[in-house]
Each structure stands twice: as C-alpha cells, then as structure tokens.
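This briefing covers a predicted model.

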Amino acid sequence: MSEILESYAGGRWVAGTGEGREVRDAVTGETVTRVSSEGIDLGGVVAHAKAKGGPSLRAMTFPERAAALKAAAGAVQAGKDRLYELSAQAGCTARDAAVDVDGGIGTAMVYSSLGRKGLPDGTVIVEDDFIQLGKEGVFGGRHVLTSPHGLSLQINAFNFPVWGMLEKLAPALLAGVPTIVKPATPTAHIAVEAVRMMIESGALPEGALQIVAGSIPGLFDELGGQDHIGFTGSADTAAMLRGDAAVTRRSAHFNAEADSLNASVLGPDAVPGEPEFDLFVKALVTEMTVKAGQKCTAIRRALVPAAQMDAVAEAVAARLGGIGIGAPGAEGVRMGALVGTDQRDDVRAAAARIAQAGQIVYGDLERVDVIGADADKGAFMSPVLVRVDDADRAEPHEVEAFGPVSSLIGYRDVEHAVELLARGEGSLAGSVVSADADFVTDVIAGAAPFHGRILVLDRDSAPESTGHGTPMPQLVHGGPGRAGGGQEEGGLRAVHAHLQRTAIQGSPAVLGRLGE
Ligand code: NAP
C-alpha cells in the first residue's frame, strides 16, 4: 500500500493515519498516493496559524510581505519541473500544466509587484482625505484598513492545485493573514509539493502557511469573525459550507467561486471568411480541450446566429478532429486525461443529459481513440459538441459537464443572445466575438449584470488577447449567482477584501496622523 501524503501542520510534516482515500494516476490508473488527515490536530493547526503566523506577518510591513511572497513564488518556479511531472500523472499535458503552475507563479509575482508599488511602507492603509462631517471643519472621518487577527482557510477545487492556491495565498499574505490550505483530494499531492517548496525555501515566517491534505472535520468550529474562508468548487459544496455556523452565526467571511455555464457569443457580422469567425471557432476548441475542459471558465455554451449553426458545427468538428488525445508527453497528444475515472463518468453522465436537448455533432460519449495509453485504464474522453436547436431547452443552461463538452445553441437577435447569456444565472466569464461595435455594446450592457468578466474578441485585440478562459490577477475573477457570488483577484481589491475597514472619526489633527 502506498504511503499517506504528508500535511504541513503545526510547524512539522506529518502523515495522517488510517487507509485514506486513494489517488490514482489519471493515465495508467496506478495508485499515486493516499490522502488522510486522520489523527492530525486540526485545532492545533488553527492555533499555530493564529499564535505564530499571524503575529509574525502583522509585524512585517507591506513591502516586506511582498518580498516574502516573491521569494516563495521563486521557490515554486525553481521546482516547477517536478510539478509538471506530477501534473502529467493527473492527466495534464505540458500546456495544461503551464496554465496551473506558470499561471500560479505569475499571479503571485504580479501580486508581489502590486504590493510593492501600490501599498504603503507600513502595516496600515488609510483611505480618503479628511471627510468633513461638521460645519466648522473640526470634526470628520477617514477609513483605515488593518490586518484581522484571524486566518485564511482556502478550500480548493481539484483542477488548479497550484494556481488556485497561489492566487488565494498572495492577497492573504500581503494582508498579513496566515493561510491554511485544504487542497482537493485528487490533486492534493501537487499542492503539497508546491507548499513543500515554499516551506523549505524559508521565505515565509513559520505559521504563515500550512496545508492539510484530507478532510477537515470540526475545523469550521474554530473559525469566526476574524477569519476568511475562500472556497472554490461545486455549487453544492459551496451551499453546504456557506450554511455553517462559522459563517451564519460568527460571521467568518466566506467567498465562493463555484461552477458556471459560461457562454461565448458569435456576432452576426462574423460570417465564415471573417477573422472573427475563425477566432470564435479556435477559442471554442481551445476552451473545450485545454485541461480536457476541466476549467471553471471554459465555454460551456456557444451561442451563434441560427443561420450559422451548420457552418460553426462543421468548422469546430474539423478542428477537434485534429486534436490527438492520450498520454501527456506522447507524440501527437494535445489533450490529456480527466483527473480520474470517477470524474470522467460524471462528465459523461452530464453530457448525456445535455444531449437529450439536441444531438451530438462531434464526439462519442463511450468511445475514444487514445495515443500512448490504455483507454480503459486512463480517464480519457472524447470532446463532445452537442447541437441544441431549441434554445429554450433547460439542459444546456443548467447542467455543467466539467470536461471537454460544449453545446452549440442558435440565437435570433441581440436581445435573444443576451437573454440566453443570462440563462446561466450568473457566470464567471462570457465572451463576445464580433467586430460590430453596436452589437458588442448591446451585449455588454445586457449581460454585464450576469457576469464577473466579459471578453470582447476581434481582429484588433486578438494578437494580445489572453483568451476567454484566463482570469488575470489585475482583474476580478468570480461571478454572481450560480458562479458563487464571490470575487477574487482584481489587483489590490483582493488584499483589501482580507483587511478590516474601520471608520475613524475625530479632529483633522488626529485624522491627519493616521497616514504618517
Ligand atoms: P467539490 O467537490 O465541490 O470540492 C471542492 C473542495 O471542497 C475540495 O477541496 C473538497 O475536498 C472540499 N470539500 C468537500 N466537502 C467538504 C467539506 N464538508 N468540508 C470542507 N471541504 C470540503 O468540487 P471539485 O470537484 O473539486 O471541483 C470541480 C468544481 O469546481 C466544478 O463544478 C467547477 O466548476 C468548480 N470550479 C470553480 C472555479 C472557480 O473559480 N469558480 C475554479 C475551479 C473549479 P475533497 O476533494 O477532499 O472532497
């Protein structure tokens, strides 16, 4: 039996007991590790963060924290080959691993730079000049932002073990708040390896970063109003955790990034032959196949003018047909495996539900040809495109198939496109691919309330565009409604979200001193 994965808890590396949950290689099906937190003193983990990590971080100035973050990210950068190897076992091609590993390192580096340049050389942020509150000007107010005396518990989804961790760690560290990472079990070993690199580098003060692989029973009982919970995962788990007394009674901050039925809209101007038509098709295929579609921001619904359904289906099928599927690293492979066979079975079942609303025009739910691997042992799946002619069917707007699955849906006019975008009931990312400024403006105006981010793609921005599925640390990531209602990143907004904002009232002399 393979060994239990170690956690970094209370200042030491410790393995849980018992049998644990088995993690298998996504390609070969062999056991990679076992995950258990049994026997780990979770109360001790919380106490360690609060007694050791918090005071050390709060004593550091913002520039000192930014430097520590940069050094920690540098340690992950130095060890990234190992993370690529582990990611391959989780089904990721080098391109997939880059999104997670390099994306995570880049995000932490951007945060370090934002912290160095945009935060004061101290431990307190003062907002507003003197806000006069009386006639004579002897009384007024300002706001101060200070570090809470709690911790940041981050609970992550399996698909981004490195990026998901670093994009939450970075703002918490800058805010002077210690972090406990609870990685998703299927990729916990990748997150643990990255944490090991950061811990061994000595970049961070003791207690600033801990990781518990496995479940965390009772840990919420220790949390309250000074603590921040950053959750990423399914809407069901988010709903359950949001209902815990730590949140509902003791007011721990709870930020959720959940699932999302993101859509991309092809403009009526973008007929075959126009650059925007090709950009749309290419983006859709990229989003379906990068990380085998296991991206929270991936395009699940492709909205196209009804008259273009055939042309788009044909062009997408032609491109998908050129994508080799199989063992990461094998010659000709451009799409790897899903994280595990359970996940693959879930995705197949969800895709079958969506297919009830239309017909599969590319791919096969049961069969897939693979390169360099055994299709029965690995968690492989063919990309699947479902054509839905009745746009009002519920399935494509409600069922998330968290894999290489998209539906192709026809719309009548801009109002209909906007209405269909909103049927996702809140999405992380939407896009509109068009060079028609009026159409684009109407879509943005109508769809913005339902989206955390909207990308406009056209021939002008394409050369530098970061793409539909890529959150940028400078911009907010998160979405309303079904997408969880939370926001992460967005530059220094995420740091501010970890700080306590307090209104201070008094005389100009007293308030003037706050900024010194
Ligand atoms: P999940 O099953 O909801 O799990 C998410 C995390 O919650 C995991 O770390 C899981 O741990 C943990 N968890 C489950 N029950 C818990 C409990 N009672 N107490 C504390 N933690 C608990 O989601 P997933 O399958 O990992 O991820 C796929 C989903 O995440 C998709 O729906 C996708 O859309 C969404 N997602 C969203 C974003 C975003 O930014 N919005 C990003 C990525 C993924 P275990 O693994 O140990 O059970």
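How many salt bridges does the structure hold? The predicted model has 20 salt bridges.

**Salt bridges**

- Asp 102 and Lys 80 form a salt bridge through their side chains, with an N to O distance of 2.6 Å.
- Asp 102 belongs to helix H4 and Lys 80 to helix H3 (residues 80-89), so this pair ties together parts that lie 22 residues apart in sequence.

**Domains**

- The chain has two parts assigned as domains: domain 1 covers 42-259 + 487-511, and domain 2 covers 263-473.
- Taken over C-alpha atoms, the centres of domain 1 and domain 2 are 31 Å apart.
- Domain 1 gives 24 residues to the contact, and domain 2 gives 22 residues.

**Interface of domain 1 and domain 2**

- About 1800 Å² is buried between domain 1 and domain 2, and carbon and sulfur atoms give 60% of that area.
- On the domain 1 side, the residues that lose the most area to domain 2 are Arg 95, Phe 158 and Asn 159; together they account for 29% of what that side buries.
- What kinds of pairs does the rule find across the interface of domain 1 and domain 2? It finds zero salt bridges there, but six residue pairs are in polar contact, both residues at pLDDT 80 or more.
- Helix H4 (residues 94-118) supplies seven residues, the largest share of the side of domain 1 that touches domain 2.
- By class, that side of domain 1 consists of 11 nonpolar, seven polar and six charged residues.

**Ligand**

- The ligand is surrounded by 27 residues, and the closest are Asn 156, Thr 185, Ser 234, Thr 237 and Glu 400.
- In the side chain of Glu 400, an N or O atom lies 2.7 Å from an oxygen atom of the ligand.
- For His 477, the distance from a side-chain N or O atom to an oxygen atom of the ligand is 2.9 Å.
- Arg 21 has a polar side-chain atom 3.4 Å from an oxygen atom of the ligand.

Conventions
Residues numbered from 1 in each chain as written. Predicted model: local features only at pLDDT ≥ 70, side-chain atom pairs only at ≥ 80, totals over all residues. Heavy atoms only, no water. Domains from an automatic or database assignment. Contact = heavy atoms within 4.5 Å. Buried area = accessible area lost by both parts, 1.4 Å probe. Salt bridge = Lys/Arg side-chain N within 4 Å of Asp/Glu carboxyl O. Polar contact = N/O pair within 3.5 Å; in protein donor to acceptor, adjacent residues only side chain to side chain. Helix = DSSP H or I, 4+ residues; strand = E, 2+ residues; numbered from the N terminus. Nonpolar A, V, L, I, M, F, W, Y, C, P; charged D, E, K, R; others polar. Near = heavy atom within 4 Å.
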